[in-house]
Amino acid sequence: MRTRKLTLMAAAAAAVLAPAVMAQTSGVTIYGRLYPYVVNEDGSGATAGTTSSATIGAKPAAGVDGVVRNNGFAYGNSRLGIRGSEDLGGGLKALFQLETVVGVTDGVGGAGAGGAFWNRDTFLGLQGSMGTVKLGLMDSIFKNYGDTIGILGISSGTFMSTSNILRKPGFGTSNDARFHERLRNSIQYESPELNGFQAGLQYALVDPKAGNRHKTATSMGIQYDQGPLYVALAHEIHNDYFGGSAQAPSSMRNSDATANPNVNSKDRATQFTVEYRLNKMHKFEVDVIRKEYKETATVTGRFASYKNTAYLLAMENRWNDQWRTAANYVRSNAGSCTRVAAACKTDGLEGSKFTVAASYSLSRRTMVFASAAKLTNGTAARFSTNDLDNRTNPGEDLTQFALGVSHSF
């Protein structure tokens with residue numbers, strides 16, 4: 001009788017404790033990707049004279065190139081991360097991720113501007129039958145839903161990336177105008193996948209409100225991914241980023257909150273992406289992005305608006321278990337602009353870049369690769385994809401070559 005009673009008590013305890021034990025079950029993974037490479041880059045053809053052909057273009061450097069022929073080491077966004085999950089029971093799961101850039105070639109580590117160490121996607125979230133919610137520092141929905149092929153999976157943070165042409169205007173150097181960012185202080189929701197469809201929405205309180213200005217971002221999109229076809233439509237809004245003023249000559253800017261306390265900005269971008277995958281070996285992609293920067297300026301001559309469209313054609317081909325090639329072409333047109341009660345022209349703000357690359361796999365996780373790119377700027381444009389220290393001057397073209405190795409773990 002005593003044995004039977006103990007057995008019944010043990011069974012009852014197991015029934016009560018089983019969900020708690022399951023809820024404590026968790027998995028933690030250390031992962032990363034390292035891709036150091038040697039790069040050669042050379043600038044040429046900077047616009048002569050000191051007068052820009054575009055009203056909002058930077059003053060040319062009288063034919064002086066900003067990028068001198070140079071060789072160096074780079075590591076792009078080589079990364080190290082920790083991720084994990086915990087089963088909370090009832091179909092609910094907790095997710096977390098901490099990720100940082102790794103300075104493979106110089107050992108600097110992940111600390112970037114402001115001393116941020118976990119400077120890549122870092123978040124805590126919950127996932128259930130109704131979708132996934134994350135809070136933290138994360139790539140925007142807009143960034144994730146477009147430009148899906150890249151170059152050999154290593155283009156992020158390197159000269160092989162298309163973001164500085166596709167998602168940014170051709171005047172100025174500030175990333176405040178770029179729609180390709182991680183959004184800090186953000187909350188992101190992605191719906192469950194249903195018959196290939198999934199939607200996402202993200203909102204970021206980028207900086208605290210100061211006076212009449214509040215730097216926020218809203219990113220949203222819907223994607224269809226099933227079989228050989230991927231289609232996505234995404235939209236992003238930046239409030240008080242002053243992406244136009246950040247690029248314009250100083251006399252036209254409205255970004256100084258002290259001098260222009262009642263001026264606000266709203267920058268928007270919409271992108272349409274189509275990717276076709278043939279036999280899982282060959283991928284082809286087309287992207288079209290429309291960007292618009294608006295500011296509520298009232299002072300004569302100040303920046304008021306800029307619009308432009310950019311295009312991307314990309315492909316990746318796996319020829320066998322070892323060889324893979326990739327290529328893309330991106331072009332941004334000159335666009336149009338307005339100023340308060342003054343003329344505005346955008347002549348020479350167009351730009352384009354052609355990139356090719358090839359890799360040879362030594363194993364499932366290790367490959368050697370080579371890449372070459374040619375960036376062509378219009379007479380007033382200063383698109384730049386340099387990996388070393390200097391930036392292009394207006395009208396300057398850029399040629400780059402790289403040889404490196406990549407390992408994932």
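## Lys 291 and its partners

Lys 291 has Asn 308 as its bridge partner in S14. Opposite Lys 291 of S13 stands Ala 269. The model is predicted.

S12 covers residues 265–278 and S13 covers residues 282–295. The two strands run antiparallel, joined by 14 bridges. Together they form a hairpin, with three residues between the strands. Asn 279 lies in that turn, and its phi is positive, at about 55 degrees.

S13 also pairs with S14, which spans residues 303–318. This pairing is antiparallel too, over 13 bridges.

## The chain as a whole

The secondary structure comprises 19 strands and three helices. Along the principal axes, the C-alpha atoms fill a box of roughly 100 × 55 × 40 Å.

The chain has 409 residues, and 48% of them are buried. Consider the contacts between residues at least 6 apart in sequence: 65% of these join residues at least 24 apart.

## Surface and charge

Charged side chains number 42 positive and 33 negative. The centres of the two sets lie 4 Å apart.

Notes: Residues are numbered from 1 along each chain as its sequence is written. This is a predicted model: local features need pLDDT of at least 70, side-chain atom pairs count only at pLDDT 80 or more; totals for chains, interfaces and linings use all residues. Side-chain values use heavy atoms; hydrogens and water are left out. Two strands pair if DSSP finds at least two bridges between them. Helices (H or I, at least four residues) and strands (E, at least two) are DSSP runs, numbered from the N terminus. Buried means under 20% relative accessible area, exposed over 50%, partly exposed in between (1.4 Å probe, protein chains only). Contact means heavy atoms within 4.5 Å. Lys and Arg count as positive and Asp and Glu as negative; His and the chain ends are not counted. The place of a charge is taken as NZ of Lys, CZ of Arg, CG of Asp or CD of Glu.
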